Amino acid sequence: MFFGWGNIKKLLIELLKTFSNEKSFLSSKRINRFLFLITGLSLSIFIIIYNRGKWGALECMIVIGALFGYAGYEMTKTQKEKLTKKEDESENN
């Protein structure tokens with residue numbers, strides 16, 4: 001059974017290691033991207049529901065576009081960091 005106390009404990013330890021200087025199985029950048037995605041989706045849904053009668057489609061598209069534009073920027077930045085690390089490693093070898 002996956003959801004036993006031992007596995008939950010291992011997951012919590014890995015999460016703590018992720019945001020510290022220790023080596024971890026999980027990636028802090030991926031966790032951050034996931035949190036930004038969930039936050040963006042939640043805020044988008046909340047804004048659309050809350051301003052349903054006040055805003056039109058254009059205003060909703062502007063807010064959602066800004067949120068996902070920022071998420072895309074973060075993903076692109078992460079990919080560039082990966083490429084530069086690979087290039088640096090290949091130059092050093």
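Predicted model: local features only at pLDDT ≥ 70, side-chain atom pairs only at ≥ 80, totals over all residues.
Which helix gives the largest share of the lining of the largest pocket?

Start with the helix pair. Two packed helices are described by the angle between their axes and the distance between the axes. Here, α2 covers residues 28-50 and α3 covers residues 57-92. Their axes come within 9 Å and cross at roughly 170°. Angles over 145 degrees count as roughly antiparallel, so α2 is roughly antiparallel to α3.

Now the residues that touch. On the α2 side they include F36, L37, L41 and I47. On the α3 side they include V63, I64, L67 and F68. By class, the residues of this contact divide into 13 nonpolar, 3 polar and 6 charged.

Back to the opening question. The answer is α3, with 4 residues of the lining. Both α2 and α3 supply at least two residues each.

F19 sits in the loop between α1, residues 5-18, and α2. Setting aside neighbours within four places in sequence, F19 is in contact with S28, I31 and N32. And how far is F19 from I45? They are 26 residues apart in sequence, and their C-alpha atoms are 29 Å apart in space.

Technical notes: Residues numbered from 1 in each chain as written. Heavy atoms only, no water. Axes fitted to C-alpha atoms, helices over the stretch in contact; angles between N-to-C directions. Parallel < 35°, antiparallel > 145°, perpendicular 65-115°, else oblique. Contact = heavy atoms within 4.5 Å. Nonpolar A, V, L, I, M, F, W, Y, C, P; charged D, E, K, R; others polar.
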